Amino acid sequence: MSVRLDTIRYGAEEIIFYEFEAITPAAFPPVSAGAHVDIGLPGGGLRQYSLITPLCSQRRYVIAVKREEHGRGGSRWLHDSARVGQMFDLSPPRNQFEVAPGTSPVLLLAGGIGITPIYSMYEHVRASGRPVHLHYWCRSEKHGLFLEALSDRSDVTVHYAASAEESAGQFAAVVREVSRQTEIYCCGPQGMLDHLERLGEELNAARRIHMERFQAAPAAAPSNDAFEVTLARSGAQVQVAPGQTILDALRDAGADVMYSCEQGLCGACEVKVLEGRPDHRDTVCSAEEHDRRGTMIICCSSSQSANLVLDI
Ligand code: FES
């Protein structure tokens, strides 16, 4: 979708809101809490940002971007060079981080800019009447987003942590005290997500934990063994060479496959696995969740079996 950058406004220290406006009579597709869009940047890069659904409408999509000094350059470009009136290409929204329906309590954990999907999810769950509690860690009041909107909510706790150790202690205490029925959703820096993963194992709660990462996990070693992928719809067989990704092998073979970030982050290349044992290496969701959904991410994951049959 071609969209116009309509408004740039201050969000918090190093965080800016960008509001994109529809320019055709057709409205934007509806967007659910936790969804993100891919934004095409000048120069050809694609970046994924969560939509802030309470601020979005059929004519407007809103994201918040934190300037990452040592990132891949997308946030620096948006902060330093984007201007009102500029045209961008946006993908339709995709949601890999939706709160699963149910009645069990929901614990939402956000660190830093990870508040953007979590805030949307909080407003959505709260409106549904389901019990929810949001814990939000940020460095100080001036680094926090949505603090005014959240200030009088009894189901919100904002933590200002001076050090990583301090926030890690608070974080572990919060996770340890929730009930065994509580579903846990978390978005934040790598360290927070890794910590939650460890706590999930310790508390035998991995199945109740759902995370979204803004950073790719450190690249896994590419597979040393060749394997074969069968495309179930056409019956075609494609060889994946050692060190090659399934996505690359399929593109080389002329298969029509969806992808975006090519880093195991966005979920665009998720496909159904009909046979075989994938070796999950993405950060879209946990290996357990992939196994439950019967899917894999073909831009970075590999295979433990000699053949994979994919629903392509
Ligand atoms: S292309 Fe983004 S996860 Fe594969």
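Reader: In this predicted model, how many of the 14 residues of α2 are buried?

Author: In the predicted model, the buried residues of α2 include Ile115, Thr116, Pro117 and Ile118, and also Tyr119, Ser120, Met121, Tyr122, Glu123 and Val125. Helix α2 is therefore largely enclosed by the rest of the structure, the number of its 14 residues that are buried being 10.

Reader: How far apart are the end C-alpha atoms of α2, and what should its 14 residues span?

Author: Helix α2 covers residues 115–128, and at 1.5 Å a residue these should span 20 Å. The helix is followed by Gly129, whose phi is positive, near 90 degrees.

Reader: Within what arc do the buried residues of α4 fall, seen down its axis?

Author: The buried residues in α4 are Ser167, Phe171, Ala172, Val174 and Val175. Because an α-helix has 3.6 residues a turn, residues three or four places apart point the same way. The buried residues of α4 line one face of the helix, since seen down the axis they fall within an arc of 160 degrees.

Reader: Which helix is included in what covers the buried residues of α4?

Author: The cover over the buried residues of α4 includes the strands β7 (106–111), β8 (132–138), β9 (156–160) and β10 (183–187). Also included in that cover is a helix, formed by residues 190–202, namely α5.

Reader: At roughly what angle do the axes of α4 and α5 cross?

Author: Helix α4 passes α5 in a right-handed crossing. The two axes come within 11 Å, and the angle at which they cross is roughly 40 degrees.

Reader: Is Thr7 buried or exposed, or in between, and what is its relative accessible area?

Author: Thr7 lies in strand β1, which runs over residues 2–12. Leaving aside neighbours within four places in sequence, Thr7 is in contact with Phe17, Tyr18, Glu19, Arg60 and Val84. Since buried means under 20% and exposed over 50%, Thr7 counts as partly exposed, with a relative accessible area of 23%.

Methods:
Residues are numbered from 1 along each chain as its sequence is written. This is a predicted model: local features need pLDDT of at least 70, side-chain atom pairs count only at pLDDT 80 or more; totals for chains, interfaces and linings use all residues. Side-chain values use heavy atoms; hydrogens and water are left out. Buried means under 20% relative accessible area, exposed over 50%, partly exposed in between (1.4 Å probe, protein chains only). Helices (H or I, at least four residues) and strands (E, at least two) are DSSP runs, numbered from the N terminus. The arc is that of the directions from the helix axis to the C-beta atoms. Contact means heavy atoms within 4.5 Å. Axes are lines fitted to C-alpha atoms, for helices over the stretch in contact, and angles run from 0 to 180 degrees between N-to-C directions. A crossing is left-handed if the near helix is turned anticlockwise from the far one by less than a right angle, and right-handed if clockwise. The expected span of a helix is 1.5 Å times one less than its number of residues.
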